[in-house]
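Here are my notes for you to read alongside the model.

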Amino acid sequence: MMKRKTRNLIQDSVVSTVAIALGLIIIFPLIYCLCGAFKTPHEFLTPKLLPGSFTYVGNFKEALEKGNLLRYTVNSFIIALAGTSIRLVFSILAAFAFAYYDFKFKNLCFFLILGTMMIPADVLLATNYLTVSRLHLLNSYLGVMVVSFVSASQMFMLRQRFKSVPKDMREAAQIDGYGDISYMINVLIPICKPVITTLFVHSFIALWNAYLWPLIVTASSPNMRTIMVGITKLNSWEDENYQLVLAGVCISLIPSLILFVIMRRNMKKGGMDGALVG
Amino acid sequence: MKTRTTLKQRQRAKTRKKVFLLLLPIMLFAILFIYYPFIRTIINSFSLVNAKGIIKGFAGFDNYAYTYGRKDFLPALRHTLTIAAINVPITLFITISLALLANKKRKLSPVYETLFTLPMSVSMSAACMIFKSMFSPSVGFINYFFGLKLGWYESQETALAAVLILTIWMGIGFDFLLMLSALRAIPDQIIEATRVDGISPARRIFKVQIPLISPTIFYVLCTNLVLAMMTSAPMIIIMGVSSAASATNTLMSMMYQSGFSSSDYGLAAVLSISAFTLTLGFTILSFVFERRKVHYQ
Amino acid sequence: MASVSLKNIKKIYPPVAGERKKHQASSDGHNANLEKTERGVVAVQDFSIEIRDKEFVVLVGPSGCGKSTTLRMIAGLEEITEGQLYIDGKLVNELDPKDRDIAMVFQNYALYPHMTVYDNMAFALKKRTSSKEEIDKKVKEAAVILGITDYLDRKPKSLSGGQRQRVAIGRAIVRNPKCMLMDEPLSNLDAKLRNQMRAELIRLRKKIDTTFIYVTHDQTEAMTLGDRIVVMKDGFVQQIGTPKEVFDKPSNQFVAGFIGTPQMNFFQADLKEEHGQFSVDLDGFTIPVVHEDNSRMKANNIASGPIILGLRPDSLFLVESKDCPVANVGVVEMMGTNVHLHLEYNGKDLILVTQAKDEHQHLKMDYESDSEIHFSFLPQSMYLFDIETGKNLAI
């Protein structure tokens, strides 16, 4: 017995070591990024991994001030927060309708919304750009987030969750004098808070990380750029400035990394089901 | 009798109104920003569209003939297919291997699981900038570490290789997580049965575990195929939007160039539709394949 | 605190393929015996009853009999297809549940999981314009009555089944409703707790002065709790009466079999008439019908012929006499005070309940499997039912 136990222990530690080594290789680009961000412009010319010290913050300062990254961060926050909230509200409303009412064309509407998942967003770029420009929404927050208001996967997950709430809950609320909408606000949404939180985090990261659409919509107004667009504008072919870029990247990664860790913990607690697909 | 039917009707009208209001926002935006542009793109591809995006007449297949006749079209198509063909198998191999490695829960599981999934949280543009810096011919770490003197962005092959490494890296986290949860969803009894039966670990992996997670593998295959076909951001970010950059164009980055740099919406529409059709075709193909190969429990 | 009166209430589920409707219809469980008309499946047929103020009425029947549907129609959760429902003399067919001034205790409690016990109980009051102090007073009063004062700050998750049950009842009584509706409130509790809660309900009933309508499939609950019992089957009301009436004078074979445990034994027998005197012939063993029943049967113009004879297990007794019907002993169940003898009589199973101890307090347990025993019964313990309709011939 003892022998087998030690054998297992050795096996586990070998596998763990290998796995961690592989893991470090996988996140190497991130390590590289962090190290590069602390290098002085002079240090960057010698392509060693580690900087002289982790105390040089000139790159961060320059990126925030000269690169206008502070403004971009604020832009990104506003867009991600507002976009996520509106998207969630839309999804909750629709999910409620699908979970609780019978109506004509219910299936048609449902599949019409789910069908949006089949169409890749990239295909729509050009036409959406024209639409947004005709609506005079170019270079505005609304213009950046307007295309992300529909999330079929969120709607679907919420509907599934709503349907799993016992029917009695609604009837109890009905007898207690609560109509449909006040039931939704006072009972249903609080009950489904874990799923809604996960979807919120998920959505926030997605909007924070968006690149192509914000790039197009804010092309003519540098002040309206999001941080993800901003970090790509920190250098050029003539002026490589990579230490500055990497500092900018580090700043852009902070919120998504924090939320990512929260989400991982949430997933462990609440099961993967609601948290993953989407 | 009469009052009741009117009550019923009143209630039904009330429900209809509520449903309408509840569904209005999402439907409005789905139609305005997904279905309308999708249909409009299809129409544009058959129309004469001016630089302001206004349809000036019916063009039949002229746009298609023009697009497919361009000398930069075939390379773009080739790059698109190459990226998909190389990206998908490598991603599957890496993520399945990592998932098998991480399958058993160990003390350090949270550590390496987090490491494996961390790329998930990195945005496309951040990743592009990191890799661009790493591959930089003069100050990049890759050349330094491997003792290479490659000008990564100078030749098509190396530039594509850089893009491939980047896209594969981007996909690892999420796909690993899917594979891992699929592996862990296999009932313990099945694995225990193979141990009791004295089946070797290699046979267990190839004959039991991989067939059992085949639905997930199939899902990852489909989504990666679509993602790989739609790759455009790395070209735009890393190579910039210049005519010189067309060396590594994919269909979608070419679409971006034509749509936003040259305002050639007819060309952009044809490229969009082509990429979409290609993706759809491959997805359907993989569904046909799936019928024969995928095991559902 | 109000009378409730149902006049020819009928529920028909329209024949739609919609999944939701099917789901609603199955709240009583599926029942293939329900009458199907061109308008749909009839879940409740012509239900009429006058429930007096502060009366405790129990609807009882097997699953799918329409009892829950009836309750839900009274609550307003289910639309009434036909008929009129009056609460406190007011027609409420078209009112929403919240306007009917009723409260309901659900089978699975339906407590709001994200609220504390206090908030669960205060939830309905908040919608009814009560002031904060008033809400507080009412919740605390109810908590005292139910003995849940200590748990007011807890979430339902951390409560035991019995405590949750109390909260569910508490949520209903704080409202001081005109009528309390209870849908199988005890069915999710284990046997011991169920007995305890049943006793508590009886006690509670004296404290809260209101009308109760209670649904259960458990005839023991019905017998112990109800002032009156409504026995239902396949959407039809079988009998309405006090527990004693339903037990002593079941209107038909179904009610007789449903009420009382162990179940009544049924035999095929022949009814004979000689000079105006009916007698029952059970395979050659003849017993006269008692005078009271006899005159009623005569008044009913009952003809002789095959009938169903019903005998409660505790009205059978063992005899030495070889003239009496003979049966084979099967399983012997020692229940404590009583012994349940499962007998085989003419290829049919029957149950006989006898005292476990004789008059000298000696345990008599000498029942051998497969041995033959003789049993008999008294004329006044016979129930006679029509062989086709199952109707009780003597009422």
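1. Two residues touch, or are in contact, if their C-beta atoms, placed from the backbone, lie within 7 Å.

2. A note on the ground rules. This is a predicted model, in which local features need pLDDT of at least 70 and side-chain atom pairs count only at pLDDT 80 or more, while totals for chains, interfaces and linings use all residues. Residues are numbered from 1 along each chain as its sequence is written, and chains are lettered from A and ligands numbered from 1 in the order in which they are written.

3. Which residues have the most contacts inside the largest nonpolar core? They are A94(A), V249(A), A127(B), L181(C) and I213(C), in a core of 263 residues. A nonpolar core here is a set of buried Ala, Val, Leu, Ile, Met, Phe, Trp, Tyr and Cys residues joined through C-beta atoms within 7 Å. Buried means 20 or more other C-beta atoms within 10 Å of a residue's own, exposed means 12 or fewer, and partly exposed is in between, with C-beta atoms placed from the backbone.

4. Now the meeting of chains A and B: 67 residues of chain B are in contact with 70 residues of chain A. On the chain B side, helix α1 (residues 2-45) gives the most, with 17 residues. That side has 47 nonpolar, 16 polar and four charged residues. Ala, Val, Leu, Ile, Met, Phe, Trp, Tyr, Cys and Pro count as nonpolar, Asp, Glu, Lys and Arg as charged, and the others, Gly among them, as polar. Helices (H or I, at least four residues) and strands (E, at least two) are DSSP runs, numbered from the N terminus.

5. Chains A and C also meet, with 14 residues from chain A and 19 residues from chain C. On the chain A side, α10 (167-175) and α11 (180-191) each supply at least two residues, and α10(A) has the largest share, six residues. The residues of this side divide into eight nonpolar, two polar and four charged.

6. Chain C is assigned domain 1 (4-101 + 177-257) and domain 2 (259-386); such bounds come from an automatic or database domain assignment. Taken over C-alpha atoms, the centres of these two domains are separated by 33 Å. Their contact takes eleven residues from domain 1 of chain C and nine residues from domain 2 of chain C. On the domain 1 side, α7 (219-225), α8 (243-248) and α9 (253-258) of chain C each supply at least two residues, and α9(C) gives the most, with four residues.

7. Please look at the backbone in a few places. T261(C) and P262(C) are joined by a cis peptide bond, with omega about -15 degrees; P262(C) sits in the loop between α9 and β12 (265-274) of chain C. H275(C), in the loop between β12 and β13 (277-282) of chain C, has a positive phi of about 50 degrees although it is not a glycine. In chain A, H136(A) has a positive phi near 55 degrees and lies in the loop between α7 (121-134) and α8 (141-145). Most residues other than glycine have a negative phi, and most peptide bonds are trans.

8. Are these two histidines buried or exposed? H136(A) is exposed because 9 other C-beta atoms lie within 10 Å, and H275(C) counts as exposed, with 4 C-beta neighbours inside 10 Å.
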